[in-house]
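Subject: Structure handover

Hello,

Here is the structure for your files. My notes on what was found in it follow below.

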Amino acid sequence: MLLRVGAAEASQDGLGEPRPYQGEEAVDRALQSDVAIIRSQPVITDALDRMSPEPPSTGLRNRVDRVLRARAERRTLERFNRDLSVGVKPRSSVIRIAFTSPDRERALAAVEAVSAAYVARRSLLYLNGGGGRQDGQIEHYAAMLDATEAEIQRVRLDYDVLDITKDVALTSDRLDGLTGRMAQARERLSVVGAELIATDRTLSREPARVLDSQERTNATPNDEARNTLLRLRQERTHVAAQYAADWPGLIELDAKIASAQTQIAENNLDIRSSERTVRNPVISELASRRAGLAIERDAVSRQAAELAAQVEAVRQRANQLREADMRLHDLERSRAASETIYRALLVSRAGSRIEDQALDDHSTSLRVVQPPTAPLRGRSVRPALALAGLLLGIAAAIVAVTVATVLRQTFITPDEAERALRVPRFMDFDAHESAWRSLAGSKAADRLADRLADVRIDAQPVRIVQILGEDPTSRARLALALARAMARRGEGQVLLIDGDMADRYRASASPQNLRRLPTGPGHLDVAQMGEPALWAAVAPGTSSIGDARSSIEDLGRTMILLRNAFARVIIAADGPFDSPAALRRHSVADANLLMITAEVTRGPVAARMRDTVLSAGGDLLGFLFIQRRRYIPEAIYRWL
């Protein structure tokens, strides 16, 4: 059965006012709400009751029957929910109700019952029965608004406030002005006090009288000696021009001139001086200045006291306004909240009345577009579901394999290792061949020995081979298998150096088979193994091979001695592959081989071993890929 939800359902009542039609998203929310109502338990229960009504029963036996019937009803409810399908047609306001049943009549009855139960339940849910409560709340908030308004008026009267914002601004400006004037008065009072102290100090140092004028002279009143001398000298000059030098009149004039000169000399010794003192005028000026400063200090002190009283009064008024502002702010905020709720209630009440009137008429919001129909001949969807499940499983498997391949750090195939490490693959061995003690493992070791025997570096055979690997057990087994394979070739003596297995080789060797080789500063103890051409180092740490304190020159001389004593030397790199002793071995070995164990050796570790060997200056021949397992065909591996 198809149902259509009208556009009125897309409008929902909010807190402030009804929200208008909001488009496709709002219609989709309304449709999903109706779908949830259709699939709810009350609607399903009502639909089942409409399909098979049963009269109520009483009594003890009937109570037992009710318990059994309740269990049966739960099972029936689960089956009904499983067979019921409710959905929204994409990009439309149409709800589709379908019921799957082998019985055509039962399917039609189920759709009819669900539709009727849904209409009844929807009318009950969407009916707004809170009109009476809304009226009560409206009256309550109206009373709260009246009380709040009365409280606001009372606060304004108590604090003598007309406009709290302007009063606060005026009081703040007045307080700032008075504070500034108070600071100026205090500053002026300090300056006047300092000037008064300086004036008193200067007045105490000034004398009462000061020198007005001083005169000093050697002039004598009525002194004619100088005039007489001048006249006598003029007369002598006149006489000397007319008479001889011995004339008596001239001699007399000389005597008079000498007498005048003597009188002038005596007058010069008589010096007279006079001084005149007056009352010090600075004292009068300082006294006048001191009196003015004293008057100004008294006036400024009274001004500062008056300003302090005014500042205190303004501060009290500011405190009153602050308290009034807090109370008025709280009251106005409460009034604003009450007004918001009051308006929302009024709008909501009007919307509720309109909604109630609209919901009373079901045709305005819900219409039956198509009556229930069912095909005359049913069809099963099990094959389609099985095919969909199969395709979904294949897709999930592909996704899981892809994610695992991306997140995996180990290598499954040698091609992966070759691409990741950018190192050539020397040889690879599967899980059966990696069991070196088995027949397949022995043949694999022989192939590896043959391959190494054919390798030439700078036209020279590879005589000292070092094997590096993360797992010491796998590395020791591979090195031992390779050494035995080299010994079986019959090309000469073969030496195996493995620090991790040295103690074991010493314990298994007899004293007659022990041999000590001098290697420069130290020595190397070797023991003959089960095969005549196979020797193993039992204490490599005493030589420059395992001693971290030895130099590269000592290790080079040791390798020359080993080349002279043995046809092949197989070294299993023990300990950290980036230690100083290991770095020296990387550089002096003829070739280095990385051992990578499938699904065990991590890519970062293998890359670190590769970089360590290359940075030490060693020759990296390639890597050996062991323990390979073939889960799927090789073609699929290449595709992955």
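In which helix is Thr199 found? Thr199 lies in helix α6, which covers residues 164-205. Please keep in mind that this is a predicted model.

Is Thr199 buried or exposed? Its relative accessible area is 8%, and the cut-off for buried is under 20%, so Thr199 counts as buried. Setting aside residues up to four places away in sequence, Thr199 touches Leu286, Arg289, Arg290 and Leu293.

On the chain as a whole: 18 helices and 17 strands are present. The chain has 640 residues, and 34% of them are buried. The accessible surface is about 38700 Å², with 54% of that area belonging to carbon and sulfur atoms. Among contacts with a separation of 6 or more, 77% are between residues 24 or more positions apart.

Next, the nonpolar cores. The largest has 42 residues, and the members that touch the most other members are Phe426, Leu448, Leu452 and Ile570. Helix α13 (residues 472-488) supplies the largest share of this core, with 10 residues.

Regards

Terms used
Residues numbered from 1 in each chain as written. Predicted model: local features only at pLDDT ≥ 70, side-chain atom pairs only at ≥ 80, totals over all residues. Heavy atoms only, no water. Helix = DSSP H or I, 4+ residues; strand = E, 2+ residues; numbered from the N terminus. Buried < 20%, exposed > 50% of the residue type's maximum accessible area, 1.4 Å probe, protein only. Contact = heavy atoms within 4.5 Å. Areas by Shrake-Rupley, 256 points an atom, 1.4 Å probe, with all protein chains shown as cover. Core = buried A, V, L, I, M, F, W, Y, C linked by side-chain atoms within 4.5 Å.
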